[in-house]
Each structure stands twice: as structure tokens, then as C-alpha cells.
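Welcome, and please take a moment to look at the model below before reading on. The report that follows walks through the fold and then visits a few individual residues.

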Amino acid sequence: MAGILMGNLLSTGVASVSLSPAIVAANTTAEQTFTVAGLKAGDFVSVNKPTAQAGLSIAGCRVSADNTLAITFGNHTAAGITPTASETYKVAYARSESVQSGVVY
């Protein structure tokens with residue numbers, strides 16, 4: 001598998017953010033965005049929802065723009081699910097130092 005070697009990590013961290021996601025329609029996935037100060041486009045992120053909810057999953061996450069976290073929620077049931085309001089999610093991030101063009105791994 002070829003890709004761009006990203007170099008060393010410039011910074012890593014974990015943020016605690018209170019989120020109140022909107023309802024996720026039945027049998028679907030939906031991306032929702034939230035403001036998280038300090039995130040930069042291109043950061044690697046991982047998100048931890050503090051509680052389990054039957055039929056609800058986090059299908060993916062990304063930084064869609066500076067200071068903007070995008071979480072894709074999955075609803076695997078026949079009814080809408082609203083993720084628990086005002087929960088404190090943990091958001092881990094890693095930021096690379098630089099991109100070395102032309103280097104593949």
C-alpha cells in the first residue's frame with residue numbers, strides 16, 4: 001500500500017467536550033458537526049462516547065475544517081435514536097509535523 005509519509009508528530013492530546021447530537025433517523029448513518037476549539041483540518045481524531053445506547057454506533061469521525069469535529073453516527077434500529085444530550089465525549093487527536101512530498105511507504 002502506497003501513501004505519503006507524514007513525518008513526526010507535532011502534537012497529540014485529548015479534549016473533553018460536551019455534545020448534544022441531534023436525532024439519527026432509523027436504519028441510516030448521519031454525519032453531524034460540532035465545534036471543538038484547537039482542531040486543525042488534517043488532524044487524525046478518535047472519538048469516545050461515554051455511554052452505550054442500544055442500536056447506536058459511531059461509524060467514523062474526522063476534522064472537517066479547523067475547529068470542526070464531524071462524527072458519523074449509525075442507527076441500526078427501525079426507530080430514530082437521539083444520542084444522550086450533554087454527554088462529555090473524549091476526543092483524541094494527533095497532528096503531524098510536516099508532509100514530505102514524494103516519499104512513499
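Predicted model: local features only at pLDDT ≥ 70, side-chain atom pairs only at ≥ 80, totals over all residues.

Strands here are DSSP runs of E with at least two residues, numbered from the N terminus.

## The overall picture

The protein chain has six strands and zero helices, and reading along the sequence gives the pattern β-β-β-β-β-β. Of its 105 residues, 29% count as buried. Among contacts with a separation of 6 or more, 77% are between residues 24 or more positions apart.

Three of the strands form an open sheet with the order 2-5-4 and antiparallel pairing. Its edge strands are strand 2 (28–35) and strand 4 (56–65), each of which pairs on one side only. From one strand to the next, the twist averages 25°.

Other pairings involve strand 6, which is antiparallel to strand 1 and also to strand 3.

| Strands | Sense | Bridges | Opposite residues |
|---|---|---|---|
| Strand 4 and strand 5 | antiparallel | eight | Cysteine 61 and isoleucine 71 |
| Strand 1 and strand 6 | antiparallel | ten | Serine 11 and arginine 95 |
| Strand 3 and strand 6 | antiparallel | five | Valine 47 and valine 91 |

## The nonpolar core

Which residues touch the most other members of the largest nonpolar core? They are Leu69, Ile71 and Phe73, in a core of 16 residues. Strand 1 (9–19), strand 3, strand 4, strand 5 and strand 6 (87–96) each supply at least two residues of this core. Strand 5 gives the most, with three residues. As general background, nonpolar side chains tend to be buried together in soluble globular proteins.

Leaving out residues up to four places away in sequence, leucine 69 touches Gln32, Thr33, Phe34, Val36, Leu39, Val45, Val47, Arg62 and Val91.

Let us start with asparagine 75, which lies in strand 5 (residues 68–75). Is asparagine 75 buried or exposed? Its relative accessible area is 2%, and buried means under 20%, so asparagine 75 is buried. The side chain of asparagine 75 reaches the backbone oxygen of alanine 25 at 3.1 Å. Beyond its neighbours within four places in sequence, asparagine 75 is in contact with Val24, Ala25, Ala26, Asn27, Thr28, Gly55, Gly80 and Ile81.

Next comes lysine 49, in the loop between strand 3 (44–48) and strand 4. Lysine 49 counts as buried because its relative accessibility is 14%, and the cut-off for buried is under 20%. Its side chain makes a polar contact of 3.0 Å with the side chain of threonine 51, and another of 2.8 Å with the side chain of glutamate 87. Not counting residues up to four places away in sequence, lysine 49 touches Leu56, Ile58, Pro83, Thr84, Glu87 and Tyr89. The C-alpha atoms of lysine 49 and leucine 19 are 9.5 Å apart, although these residues are separated by 30 residues along the chain.

Arginine 95 is found in strand 6. With a relative accessibility of 17%, arginine 95 also counts as buried. Apart from neighbours within four places in sequence, arginine 95 is in contact with Asn8, Leu9, Leu10, Ser11, Gly38, Leu39, Lys40 and Asp43. One of these contacts, Ser11, is the residue that stands opposite arginine 95.

Now back to asparagine 67. Asparagine 67 has a positive phi of about 65° although it is not a glycine.

Serine 86 sits in the loop between strand 5 and strand 6. Serine 86 is not a glycine either, yet has a positive phi of about 55°. Its relative accessible area is 51% and exposed means over 50%, so serine 86 is exposed.

Note on methods
Residues numbered from 1 in each chain as written. Heavy atoms only, no water. Helix = DSSP H or I, 4+ residues; strand = E, 2+ residues; numbered from the N terminus. Buried < 20%, exposed > 50% of the residue type's maximum accessible area, 1.4 Å probe, protein only. Polar contact = N/O pair within 3.5 Å; in protein donor to acceptor, adjacent residues only side chain to side chain. Contact = heavy atoms within 4.5 Å. Pairing = 2+ DSSP bridges. Axes fitted to C-alpha atoms, helices over the stretch in contact; angles between N-to-C directions. Core = buried A, V, L, I, M, F, W, Y, C linked by side-chain atoms within 4.5 Å.
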